[in-house]
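Please keep the sequence and the structure in view while reading.

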Amino acid sequence: MAIDLSPKLPQRLYGSDGGSHFAWSPSDLPMLRQGNIGAAKLSLAKNGFALPRYSDSSKVAYVLQGSGTAGVVLPEAEKEKVIAIKKGDSIALPFGVVTWWYNKQDTELIVLFLGETSKAHKAGEFTDFFLTGSNGIFTAFSTEFVGRAWDLEEDQAKALVESQTGSGIVKLKEGTSMPEPKLADRDGIVLNCEEAPLDVDIIKGGRVVVLNTANLPLVGEGGFGADLVKLDASAMCSPGFSCDSAYQVTYVIRGSGRVQVVGADGKRVLETRVEAGYLFIVPRFFVVSKICDKDGMEWFSIVTTPNPIFSHLAGRTSVWKALSPEVLQSSFNVTPEVEKLFTSKRTADAIFFPPPN
């Protein structure tokens, strides 16, 4: 039976007046389970505080909107890293990392999480383990165990366990003191895709920033790479596929456009329009192409290999350009004149194609 590749919106899982946590479910997007991929989104209002937690999956976080503060405790670290985050920041979060998130600004802070779930409790889903809160680890242990573990009297242990009545996300009082970020704490963990050098820059076509082990080493521990793509008005992204057995997971940040995906046996398995807020997944070796609308389109993707390699079927770097004329003539069953016309096109363009004049 064919798998549904239709783009989907996330569902709200929990929240409070401090914010909400959303996630994409494998029941709505079956490719999550098949590809062992997780996807979620955090939204924090002013003074919203996402309580400390760790996850059963490695992830990359991408700040879609706003600015705030993130706390990161790496495995076996003796002190947390306190990071100022802003729109365009990508944060690598390998296994075992404890994080918290805080927004003290009026603008809503929105963070996207994409990652792999091969070692997760549930394929295609992130499971968070909270350190505090009504559903936290402290709450589940008896006061005897808490007291013994942290050398507290029973009444002290009880007060500690019962003090935080909220769960997951809470709203702190105005003026609550929180740690100040340190610029040095961003090193090796954060890369701002809005400010990073461009890997591809095509006039009236589009721009790409690629995240890999070269510019964000921690993504290698997660086993995936990522990129931020900005496609200009009515431009096209060349048909292409991942040639190293990777899934492509794409979240549309801004704009809209059309997407076609072709799979095995030359069958078009997806033809649809996408717009901001939707997520879709391209299976391994399937060919995908996009044409954006007049307002352009921007998306953030992960690819389930740390240093992805793509093969494009149109443009200057197309595989067709590498094949000999005789092979092309025989493959298409066309005359040399038609073959020459075909190979004479797109000799300068690569990956992105501006709209026709």
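## A buried glycine

Glycine 38 has a relative accessible area of 0% and is therefore buried, a word that stands for under 20% relative accessible area, with exposed meaning over 50% and partly exposed in between, all for a 1.4 Å probe and protein chains only. The model is a predicted one, in which local features need pLDDT of at least 70 and side-chain atom pairs count only at pLDDT 80 or more, while totals for chains, interfaces and linings use all residues. Residues are numbered from 1 along each chain as its sequence is written, and side-chain values use heavy atoms, with hydrogens and water left out.

Glycine 38 lies in strand 3 (residues 37-44); strands (E, at least two residues) and helices (H or I, at least four) are DSSP runs numbered from the N terminus. When residues up to four places away in sequence are not counted, glycine 38 touches Phe113, Leu114, Gly115, Thr117, Gly124 and Phe126, where contact means heavy atoms within 4.5 Å. Glycine 38 and phenylalanine 113 are 75 residues apart in sequence, yet their C-alpha atoms are 7.9 Å apart in space.

## Lysine 59 and two rings

The charged end of lysine 59 sits over the ring of phenylalanine 113, 5.3 Å from its centre, and lysine 59 also lies over the face of phenylalanine 126, at 4.6 Å from the ring centre. A charge sits over a ring if NZ of Lys or CZ of Arg is within 6 Å of the ring centre and within 35 degrees of the ring normal.

## The cavity

One cavity of 30 Å³ or more is counted, a cavity being a set of points on a 1 Å grid over the protein atoms alone where a 1.4 Å probe fits but cannot get out, and lining residues being those with an atom within 4 Å of a point. The largest cavity holds about 170 Å³ of space, a volume being the space filled by probe spheres set on grid points that are joined across faces, edges and corners. It is lined by 16 residues, of which Ser55, Lys59, Leu93, Thr99 and Asp128 are the closest to its centre.

Strand 4 (48-55) and strand 9 (98-103) are the elements that give two or more residues to this lining, and strand 4 gives the most, with three.

## The largest pocket

About 440 Å³ of space lies in the largest pocket, where a pocket is an open set of points with protein on both sides within 12 Å along at least five of seven lines. Of its 24 lining residues, Val208, Asp227, Phe310, His312 and Ile351 are the closest to the centre. Strand 21 supplies the largest share of the lining, five residues.

## Aromatic pairs

Twelve aromatic pairs are found in the whole structure; rings of Phe, Tyr and Trp (its six-membered ring) pair if their centres lie within 6.5 Å, and planes under 30 degrees apart count as stacked, over 60 as edge-to-face and the rest as tilted. The rings of phenylalanine 49 and tryptophan 100 have centres 6.0 Å apart and planes at 65°, so this pair is edge-to-face. It links strand 4 with strand 9, across 51 residues, and both of its members are buried.

Tryptophan 320 and phenylalanine 332 form a tilted pair, 5.1 Å centre to centre with 45° between the planes. Tryptophan 320 is partly exposed, at 26% relative accessible area, and phenylalanine 332, at 40%, also counts as partly exposed.
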